[in-house]
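Please open the model in your viewer and keep the selection panel at hand. The stops below follow one another from one selection to the next.

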Amino acid sequence: MQRNKPCGTIWGIVIGIDENGSEWLSEVLTPTRLSLCVGGKPGDIRVRDIGYSGAGRGSGTSAVLQNERLRFIVCFLGVFVCYFYYGILQETITRGEYGHGEKKESFRFAQTLVFIQCIINAIFARILIQFFEGSRADHTKSWLYGLCSLSYLGAMVSSNSALQYVNYPTQVLGKSCKPIPVMILGVTILRKRYPMAKYLCVLLIVSGVALFLYKPNKGGASTDEHLFGFGEILLLLSLTMDGLTGVFQDHMRTRFQTSAYHMMLNINLWSTLVLGLVVLWTGEIWEFLSFTERHSSIFYNILLFGLTSALGQTFIFMTVVSFGPLTCSIITTTRKFFTILGSVLLFGNVITSMQWVGTLLVFLGLGLDSKFGKTPRKPTH
């Protein structure tokens with residue numbers, strides 16, 4: 001008697017055959033790699049990892065769908081709440097004023113803030129690996145993690161430093177333009193080819209950013225008004241570093257099949273090492289500790305800032321794993337828009353009508369890019 005053999009693997013949906021020989025599609029949205037194995041009798045298909053069989057699919061499908069809806073709600077709320085609060089904490093920490101009168105001072109320790117964030121991210125990644133991946137080996141080269149950590153750090157430090165010069169809506173909108181450097185670096189370094197829809201979406205994003213940054217020249221305008229100042233340069237640097245980070249991560253996934261958890265752990269470990277040396281060498285860590293002694297309440301906000309960042313990354317990974325990158329992109333894009341709205345309402349940041357139009361163009365471009373701008377995958381056999 002011939003032993004049963006796996007007949008193939010698929011992602012996303014399960015193709016089954018019932019006992020009458022008719023084909024059906026179960027609406028299972030889990031992206032876990034599923035193995036389809038032919039059972040002992042015709043029509044019986046067992047799906048490992050979720051314990052679902054072709055026979056008796058009615059109640060099983062209903063239960064799975066109910067579980068998927070609950071999982072989606074958890075992922076959506078997790079990403080939305082964590083990063084919405086993360087944004088509020090980031091603006092509170094970096095743009096807040098501490099002290100009173102002549103002793104009033106501002107937060108200027110962007111490197112130490114990222115240093116603490118990397119430590120918390122690394123701890124979270126270690127826990128996630130322990131629970132979800134166990135003893136799975138990681139064959140990625142250490143030097144590659146080191147290089148990636150430099151661009152990763154450059155992006156985060158530049159982004160946090162930019163908040164000393166621009167308001168939070170400008171920073172969020174600037175960071176939302178990540179498809180631009182990713183596409184430019186993909187074309188120039190990785191020799192990638194993108195569909196025309198991708199270029200149109202990026203053009204829409206660039207147009208929105210131009211409208212947002214444009215300040216009409218008025219006769220009585222202050223000399224402080226500027227179109228492109230140091231804060232915007234820092235955001236441009238952050239975007240460039242984000243693009244390089246994407247190139248490194250894409251290479252790791254392609255060459256070494258690096259998992260997201262190992263990537264998160266090792267990049268943050270390298271970043272902690274590099275930034276630890278930097279803040280010790282510059283003496284910023286001692287200035288930061290002196291600052292927290294004078295304003296002890298900030299340490300609580302910084303701890304929450306790191307925790308919401310790590311939790312948010314975890315929920316983003318859960319969303320990508322459970323529902324795919326498209327759904328994750330839509331959720332994060334929606335979150336960014338409401339973060340800008342929350343910043344306007346909570347912190348009194350003023351946005352003109354033209355800037356709102358630019359904001360809508362940027363998020364329209366991001367939404368269309370997530371839907372139509374992806375390079376079609378080559379079929380595998």
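Begin by selecting Arg294, which at 45% relative accessibility counts as partly exposed, where buried means under 20% relative accessible area, exposed over 50% and partly exposed in between, with a 1.4 Å probe and protein chains only. The side chains of Arg294 and Glu105 meet in a salt bridge, at 2.9 Å from N to O; a salt bridge here is a side-chain nitrogen of Lys or Arg within 4 Å of a carboxyl oxygen of Asp or Glu. Glu105, at 19% relative accessibility, counts as buried. The pair links distant parts of the chain, since Glu105 belongs to strand β8 (residues 105–106) and Arg294 to helix α9, 189 residues apart. Helices (H or I, at least four residues) and strands (E, at least two) are DSSP runs, numbered from the N terminus.

Before going further, note that this is a predicted model, in which local features need pLDDT of at least 70 and side-chain atom pairs count only at pLDDT 80 or more, while totals for chains, interfaces and linings use all residues. Residues are numbered from 1 along each chain as its sequence is written, and side-chain values use heavy atoms, with hydrogens and water left out.

Now colour the chain by pLDDT, the predictor's confidence in each residue from 0 to 100. The protein chain averages 75, and 75% of the residues score at least 70. Over residues 1–57 the pLDDT stays under 50, although the model has 99 contacts beyond four places in sequence for this stretch, a contact being heavy atoms within 4.5 Å. Where pLDDT is low, the predicted coordinates should not be read in detail.

Return to α9 and select Glu284, Ile285, Phe288, Phe291 and Thr292, the buried residues of this helix. They lie on the same side of α9 because they cover an arc of only 115 degrees around the axis, the arc being that of the directions from the helix axis to the C-beta atoms. Trp286 and Glu293 are exposed on the other side of α9.

Which residues have the most contacts inside the largest nonpolar core? They are Ile93, Phe107, Phe288, Ile298 and Ile302, in a core of 23 residues; such a core is a set of buried Ala, Val, Leu, Ile, Met, Phe, Trp, Tyr and Cys residues joined through side-chain atoms within 4.5 Å. Two or more residues come from each of α1 (57–95), α2 (110–132), α9 (284–294) and α10 (297–323). Centre the view on Phe107, whose contacts outside four places in sequence include Ile93, Leu113, Gln164, Phe288, Ile298 and Ile302. A second, separate core has 20 residues, among them Tyr168, Ile205, Val209 and Ile351.

Next, select Thr112 in helix α2, a buried residue with a relative accessible area of 0%. Leaving aside neighbours within four places in sequence, Thr112 is in contact with Val279, Glu284, Ile285 and Phe288.

Move on to Thr272 in helix α8 (residues 260–282), which counts as buried at 18% relative accessibility. The side chain of Thr272 reaches the backbone oxygen of Asn268 at 2.7 Å, and Thr272 touches Phe115, Cys118 and Ile119, residues up to four places away in sequence not being counted.

Finish at Arg71 and Glu68, which form a salt bridge with the closest N and O atoms 3.6 Å apart. Both lie in helix α1, 3 residues apart, about one turn of the helix. Arg71 counts as partly exposed at 26% relative accessibility, whereas Glu68 counts as buried at 5%.

How values were computed. Polar contact = N/O pair within 3.5 Å; in protein donor to acceptor, adjacent residues only side chain to side chain.
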